[in-house]
Structures are given as C-alpha cells and as structure tokens.
Number of protein chains: 2
Amino acid sequence: MKNKPYHHGELRKVLIETGLEFIHQYGEEKLSLRQIAEKCGVSNAAPYAHFKDKDDFINAVQQYMMDSFMDSLVTCTNECRNHSEILSELGVCYVMFFYRNPLYFDFLFSRKNIQIRLSSDNHNNPPFELFRKTAEQILGERGMSEKNIRHKTIAMWSLVHGLSAISAMPGIDVDWESEVRDIINSIDFSEPV
Amino acid sequence: MKNKPYHHGELRKVLIETGLEFIHQYGEEKLSLRQIAEKCGVSNAAPYAHFKDKDDFINAVQQYMMDSFMDSLVTCTNECRNHSEILSELGVCYVMFFYRNPLYFDFLFSRKNIQIRLSSDNHNNPPFELFRKTAEQILGERGMSEKNIRHKTIAMWSLVHGLSAISAMPGIDVDWESEVRDIINSIDFSEPV
DNA sequence: CTATCATCTTGACACTGATAAGATGAAGTA
DNA sequence: TACTTCATCTTATCAGTGTCAAGATGATAG
C-alpha cells in the first residue's frame, strides 16, 4: 500500500486504462491529457515521459481498445460450434460490441485514428482481416470464384460495419440484438449471383 | 469591391463555407474558430454574433454539408431512368460521395454530431429516410412482407454505409467505383429469404 | 437628424498541449 | 557502504484555444 511514491510504477498502463474509461463515458473529443493525469494523481507533464504527445497517447489507447475488440471477435469464432453459422455469429458479435460501447465506434474507426493502422493497400485492418480469412474459408469450401469471394467478403463486412454504425447512434432501445441477427441472416452471402 | 467595411455583410455564410472547405482539407478536429475568423478577415469574437458557441457553428456546417449530400442523392434518384436499378444506383452515389470527400464521413456521422440530428426513434436521419422510402416503394411493389422490407432496408443501408466507411479510409486507389457497383449488385435484396 | 441595435473589435480569462530545467529515487557499480 | 546514472516526475512557462464583457461602428428606421 504505497503512499504517493515519487515514481508511480505503472503509470503508463494506468493512464491508458483511465483514458479508455473516460472515452467510454464521454468520448474522445472531450479528453484532456491534463485531466487524465490529474485523475491518476500525477502532474500535467508526467504523461510526456511515456508518450511523445497526445496523439501518441490516443494511439496507445486505441491499440488497447482494438486488442480488446479483437479478443471478443476471436473468442466468438472459437466458441461457435455450428460451422455454418460462424460468419453470421461473428457479425452479431461485431455489431453488439458497439451497441454496448457506442462511443468506441468513432474512436476506433475515425479516419484520424485509423490512418495509423491501415497500410496503403487497406489490408492491415485487424477486424477486416479476421472477416476476410473466415469468409474466404467458408465460401471457398463452397466452390465460389475468387472474385465473387472478394465481393461477398467486402459486402459482408460492410453490412456488419454499417450495422455497427447504426448501433452506435443514440436512441436505439428496441430488442436490437435479435433484430441484428435477423437482418444479417436475411442476406444470403453463400450463393454467387 | 468593398475595402474592409466594418460590417461584413454575409459573414455567417462565409464562415460556414470557409469551415466546410477547411474540414474538406484538414478534418474537423483541426478546426479552430479563431483561425476560421482570421481567414474571413474578422476578429476572433466576431463569429459569436452568429453562433452561440463552437458546437453551434460546427452544427451549422454539418447541416450545410448534409444538405449538399442529400442534394446529390435526390438528384441521383431523379436522374435514374431504369426503375429497377434505382436502389443500387442510389447506393453507388452514396458511397462515391464519400470516396470523393473522405473527411466528410466522420464529420457527418460521428456520434457527437449526429446525436443532434437523430430523434429518439432514430428515424430522423435524412439519408436513411430517403433509402427507406425508396426501398419500401421498390420492395413493396414485389409483395414483400413488412418485416422483410424493414430488414432488407436496414441491410441495404448498412451495406452502403459500411462501404462508405471503407471508401473514406486512406489508401484505396484501385478502380473503386466499378467494384462498388459490383459489390452492391452481388447482393440480392429483392427476394425474401 | 437622431436613436436603435445587430454587428464587429479589443482585451481579458481559464484551460489546453507542449517543452525546459530541475528534483527524486531506484538500480547498478566502485 | 558511497557514488553514479538515468528514467521518472514536478514546477514553471509558453503559445494557442473557446468564451465573454465592454465598448466601437454604422446600417436602418423613425
């Protein structure tokens, strides 16, 4: 039980977690590095020992959040027993994550943040990569052409991503999860046109 | 040719247009009201005669941008000659708007901005409303059930909205428009499952 | 010609991100 | 033990921001 030791010990980690909690409640645009530092009981300049600037800090928080998002997606695919439903289950998991954490959506996918994470061929987007791999496997087993697989994959991810955007908007309080499942299942992705 | 008259004349309009141009180039998060005022040749407090605060200004710019976005969508539906293709053409128009103006996407649809525009039943979203009306008309003509229409409509809008999110990401330089058309057409929205 | 009042300027305030200079103390070295 | 080193943290300071109060301007109406 330390009583304010001069060296915090795990300040970097605590700063990130405090920032994450703050964004969960108030959103990125309200975040001030000085306030986060104060909440952690350190001076305003302390964070600069661990982060180059505010963008660097925001980036670290985003990395942290992206990891937790990816964890829930991977867990979902591992737990899914019915192989044929894995794509739609992955989609529901994706959407519900942002239904539960609406303020995360803008933060994770805003152009300002994502341009750090996307390479020039836009294939360095972790959730999209997971989708792509899963979809290619499922659809490939059914003998779909490569071009068709690509289109279906992008379509499936776009649908899910767009549903997430809706889920992150204010004022949705119906039984959204079951409707999301119905919507995703209402589109047949498995057959070529 | 006025030489700096004390009263600008149409400052409000010029501020909005300057803000729009700035966001087009640099994005919302870089925007400073003082800089916009300086670009317009007025003092830092001048905007406060026309806007309550920065949020109010941002909101006005967003309204302006939303109107121009809606204009291009409505024009698209009016110009579409082939009735059966109207939905997919509307989708392509939607997506390509953000392909041409990537920084507009976050600005128009970020939770921070959109919560001003969405009522509690989330049916006050102009582009979604246009989609809904169009889809209900097209799909209704084919005798689809009401529930199915709702699901297909949300699915179609989600797909298009998600594709827009991709289009607004950096590093997409292939022949995106034709691929977007293929992707949208690869999904059959007209038949119930 | 005068009064009104929206519009604009000046000057100030608190807050922010950022940096420099110095204080602290943990960990290694003699 | 005593000394050195160096990442970590504090204090002080800077420029830039949103915002407001007080006052200057001048278009417009009476």
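A: In this predicted model, the axes of helix 3 of chain A and helix 7 (residues 126–140) of chain A come within 10 Å and cross at roughly 20°, where axes are lines fitted to C-alpha atoms, for helices over the stretch in contact, and angles run from 0 to 180 degrees between N-to-C directions. Helix 3 of chain A is therefore roughly parallel to helix 7 of chain A, a label for angles under 35 degrees. Helices here are DSSP runs of H or I with at least four residues, numbered from the N terminus. On the side of helix 3 of chain A, the residues in contact (heavy atoms within 4.5 Å) are A:M66, A:F69, A:M70, A:L73 and A:V74, and they meet A:P126, A:P127 and A:L130 in helix 7 of chain A. By class, this contact has eight nonpolar, no polar and no charged residues, with Met, Phe, Leu, Val and Pro among the kinds that count as nonpolar.

Helix 3 of chain A (residues 54–79) also holds A:N59, which counts as partly exposed because its relative accessibility is 22%, the class between buried (under 20%) and exposed (over 50%), found with a 1.4 Å probe and protein chains only. Chain A as a whole has nine helices and zero strands.

As for conventions, residues are numbered from 1 along each chain as its sequence is written, while chains are lettered from A and ligands numbered from 1 in the order in which they are written. Local features need pLDDT of at least 70, side-chain atom pairs count only at pLDDT 80 or more, and totals for chains, interfaces and linings use all residues, while side-chain values use heavy atoms, with hydrogens and water left out.

Conventions:
Helix = DSSP H or I, 4+ residues; strand = E, 2+ residues; numbered from the N terminus. Parallel < 35°, antiparallel > 145°, perpendicular 65-115°, else oblique.
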